[in-house]
Amino acid sequence: MDINEIIQGTDESIVKDTLAYFLTSYTNPAFGALPKNEVELIVLNVLEQLNLIGTEPEVYELVSKLKVNRSKARGLIYDRELRRSSESDLNQKVKTLLKRPLIQKDGQQFILEVENPLVSDHLRSKVQKLGYVSDGSFSPSIVKLGLDAISALIESLLPDEEKDNIRQALIGAGAPDTSLRGILKATFKKIAQKLASDTGEALMDKASDYFSPIIDSRIDAITEKAVELFENEEDEN
């Protein structure tokens, strides 16, 4: 990371604005009064403004560019995210992750790769409050959810005004006429069965075709994709 080269190639007005931001932040409330971690976060914002790091950098980006270990990188991302993201922002990031789960072949576990440590904590907290357990023992960036847990989590993130529309769309496509959570569970089981022969990235991409319409409340797309799952098949519930 050649800082001098990047600064020389950056528009002068951006450099001036960035310098003004740094000096204003560093001298507030008084010169040298900020603790070390706050200064580090200011410098991270400076690096972002100069396009030296991304707006939402992954752990490895900070490891490679800042020459810090993974624990330090995760801590920087966590502290930075705390100051930037509302609960609504974090919910939206969880919804984005839920659109592309990796489904294990038995269809009973759904795996999410969560690079952002605060988003990971937010997700796990929501699952716990719903009465379920998430497994993160394999890696801090991997979250495993059971079928019941992911069904409850997605239901909790759907807009209240859209829940009945989603329920009716899935029933109309052939899902069992039960509660929304029961319908979601049956739908996700069907998705796992349909994609059982695929693995890896291909499976994640194909799963997104079915999960995204539900999470985004796109009723027409829900009907279209759900018909593929339930057409000419016996309901399992």
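Begin with the largest pocket: 16 residues line it, and Glu 56, Pro 57, Glu 81, Lys 93 and Asn 116 lie nearest its centre. A pocket here is an open set of points on a 1 Å grid over the protein atoms alone, where a 1.4 Å probe fits and protein lies on both sides within 12 Å along at least five of seven lines; lining residues have an atom within 4 Å of a point. Two elements, α5 and α6 (87-98), each give two or more residues to this lining. Helices are DSSP runs of H or I with at least four residues, numbered from the N terminus.

The model is predicted: local features need pLDDT of at least 70, side-chain atom pairs count only at pLDDT 80 or more, and totals for chains, interfaces and linings use all residues. Residues are numbered from 1 along each chain as its sequence is written, and side-chain values use heavy atoms, with hydrogens and water left out.

Keep the pocket on display. Its volume is about 370 Å³, taken as the space filled by probe spheres set on grid points joined across faces, edges and corners. Helix α5 gives the most to the lining, with four residues. By class, the lining holds five nonpolar, four polar and seven charged residues. In this division, Asp, Glu, Lys and Arg are charged, Ala, Val, Leu, Ile, Met, Phe, Trp, Tyr, Cys and Pro are nonpolar, and the others, Gly among them, are polar.

Next, select Glu 81, which lies in helix α5. Glu 81 counts as buried because its relative accessible area is 8%; buried means under 20%, exposed over 50% and partly exposed in between, with a 1.4 Å probe and protein chains only. Leaving aside residues up to four places away in sequence, Glu 81 touches Leu 90, Lys 93, Asn 116 and Leu 118, a contact being heavy atoms within 4.5 Å.

The side chains of Lys 93 and Glu 81 form a salt bridge at 2.4 Å, N to O. It joins distant parts of the chain, with Lys 93 in helix α6 and Glu 81 in helix α5, 12 residues apart. Both Lys 93 and Glu 81 are buried. A salt bridge requires a side-chain nitrogen of Lys or Arg within 4 Å of a carboxyl oxygen of Asp or Glu, and the structure holds 16 of them.

Move to helix α9 (residues 160-172) for another pair. Lys 163 and Asp 160 meet in a salt bridge at 3.3 Å, N to O. These two residues are three apart in α9, so about one helical turn separates them. Lys 163 is partly exposed, at 21% relative accessibility, whereas Asp 160 is exposed, at 61%.

Asp 177 lies in the loop between α9 and α10 (180-194) and Arg 167 in helix α9, so the pair ties together parts 10 residues apart in sequence. Asp 177 is exposed, with a relative accessible area of 58%. Elsewhere, salt bridges with shared partners join Lys 36, Glu 40 and Lys 72 into one network.

Finish at helix α3 (residues 36-49), whose 14 residues reach 20 Å from first C-alpha to last, close to the expected 20 Å; the expected span is 1.5 Å times one less than the number of residues. Its buried residues include Val 39, Leu 41 and Ile 42, and the buried residues of α3 pack against α2 (12-26), α4 (59-66) and α5 (70-84). Just after α3, Asn 51 takes a positive phi of about 60 degrees.
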